[in-house]
Amino acid sequence: MVESDQEYAPDASDDDLDAHQVSRRVGGPRANKQIESAFNEVRRTWEEVEEGEDGTITKTIDSLLQQGKRKRTLKNTTPLQRGIIRHLIIIIDLSSAMTEKDLRPTRYLLTIRYCQDFITEFFEQNPISQIGIIGMRDGLAVRVSDMSGNPSDHISNLQALRKDDPQGQPSLQNALDMARAALFHAPSHGTREILLLFGSLLSSDPGDIHTTISSLVASHINTTVIGLSAQVAICLTLVKRTNPHSNPQKHYNVALDEVNYRELIMRLATPPEAHTQQATSIDDSNASSLLMMGFPSRVTDPKPSLCACHSRPTSGGYLCSRCSSKVCSLPTTCPACSLTLILSTHLARSYHHLFPLQNWTTVLWSHAISSAHKHKTLCFGCQAPFPTHPIKTAKQVSKATLPTKPAFSDARNAESASTEPSMPHLRRPRADSMSQRQRDEDQTISESGRYACGNCEEFFCVDCDAFCHEIVHNCPGCLSREGELMARNEELGQNGAAPEEMEGLVTNGEKG
C-alpha cells in the first residue's frame with residue numbers, strides 16, 4: 001500500500017481539510033523552473049517533417065539520412081599520437097538490473113548484441129589488438145572470454161550468454177581485480193583499457209574498492225564507463241582517477257536510448273590519445289623501444305596436423321617466422337616463442353588513425369554550376385549523377401539580388417575578410433578554433449549534394465564521403481593524382497629528363 005502524508009479526518013469541514021493538507025513542493029520555484037527547462041529540451045522531431053512538392057516526405061527522410069552520415073563522417077582530423085596496439089577488457093553487468101526493459105528488448109540482450117557489433121568493428125580498426133570479456137553476477141566476477149585477438153571466439157562466447165538469465169548483484173571490485181590481473185602481463189608498448197557496461201546502481205564489494213582503484217592507477221590502466229541507469233558516484237571516481245589528463249565527461253556517459261547507447265560503445269573503437277605523463281611517473285618499462293614482430297606465411301598441409309594455439313587438427317594455417325609453429329589465424333601471439341604474428345595488411349590498416357583523412361567540405365550551388373566545375377556532373381568515386389540545380393522562382397531571384405553581407409565598416413572587418421580562404425565556396429571544418437555554431441553548420445548536408453576534397457578539389461556524393469572516411473580512409477582523387485604524377489615522372493625519366501625538371505614537376509604536383 002502506498003504511504004500517504006495526509007491523515008483521515010471524518011466529518012471535517014473545508015477549513016479543517018486545508019489545515020490537514022501537506023505540501024509536496026520541494027525546492028520552490030527554482031525546482032519548477034528546472035523541471036520546465038528539462039521538458040523544453042525535448043526535441044520535437046515531428047515538427048521537422050515537411051512535405052515536398054509531390055506531397056510526400058521522401059525528401060525529408062533523405063535529408064535526415066544524409067545528416068546522419070555526415071555527422072558520423074565529421075571527426076577531429078588533427079594528427080595525434082595514439083596507441084595502435086591495444087589491450088581492452090570489457091566488463092559486462094550480468095546482474096538482475098539488466099532485466100529492465102527501458103532499452104528494448106532488454107538491457108541484457110541489447111548489450112550482448114551491441115558488444116558483438118563492437119568486437120567486429122574494433123578488430124576492423126585495430127587488427128593487432130586484443131580483447132577480453134568479464135561478467136559480473138551474484139557478487140562474483142565471471143570470465144566470459146580470455147584475452148585474444150580472434151573475434152570469432154569472443155562472439156561465440158557472447159552468444160552463449162543468451163542461454164543464461166542475469167541474476168544477483170554486481171561486484172565492481174572483483175571485476176576490476178580480475179581485469180587488472182588479465183592486463184598485468186600486457187606489454188608496455190600497448191595500451192591497457194577497461195570498458196565497463198554498468199546497469200546497476202550499487203556494487204556488492206568484499207573490501208575497499210578505493211584500494212583497487214589505486215592499483216589500477218599504478219598499473220596505468222585507463223577506464224571508460226557507460227551507465228544504463230544513472231550516474232554512480234564510485235564510477236565517476238573511477239574514471240577521474242584512471243584518466244587524470246582527460247575530461248571525465250569523455251569517459252563516463254549514461255545512455256539515453258538505444259541509438260545513443262550504440263554510439264557510445266562504437267566510439268571506443270577509435271584508439272585513445274596518448275597523453276604525456278610526468279617524468280617522475282615514467283619508468284624504464286614504459287620507455288619507447290622497437291617492437292619485434294613476425295610476418296608468417298600461409299601453408300596448406302596435405303594431411304591435418306595439430307596447431308599450437310588450440311591443439312586441434314587443421315590442414316591450413318600460418319607458420320611462425322621464428323620457431324615454425326603453426327597457428328590457426330592472425331593476428332596472434334606465438335604460443336611457443338611469444339612472438340607477435342601479424343600480416344602487413346594488419347599493420348597498414350592500423351596506421352590510418354595516426355594519419356586521418358581530412359574532412360571534406362560542402363559545395364554551394366554558386367560554385368557547382370560555375371564554368372570551372374560545370375562539367376563535374378558525376379561523382380568522382382561511384383560515378384553517380386549529382387542532382388540538378390533547382391529552377392529559381394521570381395521570389396527567390398528577387399531575394400538573390402539583395403546584398404547578403406554588409407559592407408566593411410572598419411579596418412578590422414576588412415582584415416578579417418582578407419584572411420578568409422581563397423575558395424569561398426567551400427565551408428572547411430576547422431579543428432579546435434571553430435565555434436559551436438560553425439560546427440553545427442558544417443554538420444548539415446550540402447545544398448548541391450556535392451562534397452569536395454580540399455587537396456584534389458574533386459566532387460563526391462555523401463555515400464562516397466562516408467565510405468572513404470569510414471572504410472577506405474583515403475581519397476580516390478588524391479590517389480589517382482599521385483598515380484598520374486608517378487607515371488608522368490617515369491615517362492620523363494625514360495626520356496632522359498633532368499633531375500631539376502623532375503623535382504619541379506613533383507613540387508608543382510603537390511601544390512596543385
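Me: Which residue has its charged end over the ring of tyrosine 318?
Reply: This is a predicted model, in which local features need pLDDT of at least 70, side-chain atom pairs count only at pLDDT 80 or more, and totals for chains, interfaces and linings use all residues. Residues are numbered from 1 along each chain as its sequence is written, and side-chain values use heavy atoms, with hydrogens and water left out. A charge sits over a ring if NZ of Lys or CZ of Arg is within 6 Å of the ring centre and within 35 degrees of the ring normal. Here the charged end lies 5.3 Å from the centre of the tyrosine 318 ring, and it belongs to arginine 298.

Me: How are the planes of phenylalanine 118 and phenylalanine 122 arranged: stacked, edge-to-face or tilted?
Reply: Rings of Phe, Tyr and Trp (its six-membered ring) pair if their centres lie within 6.5 Å; planes under 30 degrees apart count as stacked, over 60 as edge-to-face and the rest as tilted. By this rule the count comes to five aromatic pairs. With 5.7 Å centre to centre and 45° between the planes, phenylalanine 118 and phenylalanine 122 are tilted.

Me: By about how many helical turns are phenylalanine 118 and phenylalanine 122 separated?
Reply: Both belong to helix H4, residues 107-125; helices (H or I, at least four residues) and strands (E, at least two) are DSSP runs, numbered from the N terminus.

Me: Is phenylalanine 122 buried or exposed?
Reply: Buried means under 20% relative accessible area and exposed over 50%, with partly exposed in between (1.4 Å probe, protein chains only). Phenylalanine 122 has a relative accessible area of 0%, so it is buried.

Me: How many residues apart in sequence are the parts tied together by phenylalanine 380 and phenylalanine 460?
Reply: The ring centres of phenylalanine 380 and phenylalanine 460 are 5.9 Å apart with planes at 80°, so this pair is edge-to-face. Phenylalanine 380 lies in the loop between helix H12 (365-368) and helix H13 (394-400), and phenylalanine 460 in strand E16 (residues 459-460), so the pair ties together parts separated in sequence by 80 residues.

Me: What percentage of the chain's residues is buried?
Reply: The chain has 18 helices and 16 strands. Of its 512 residues, the buried share is 35%.
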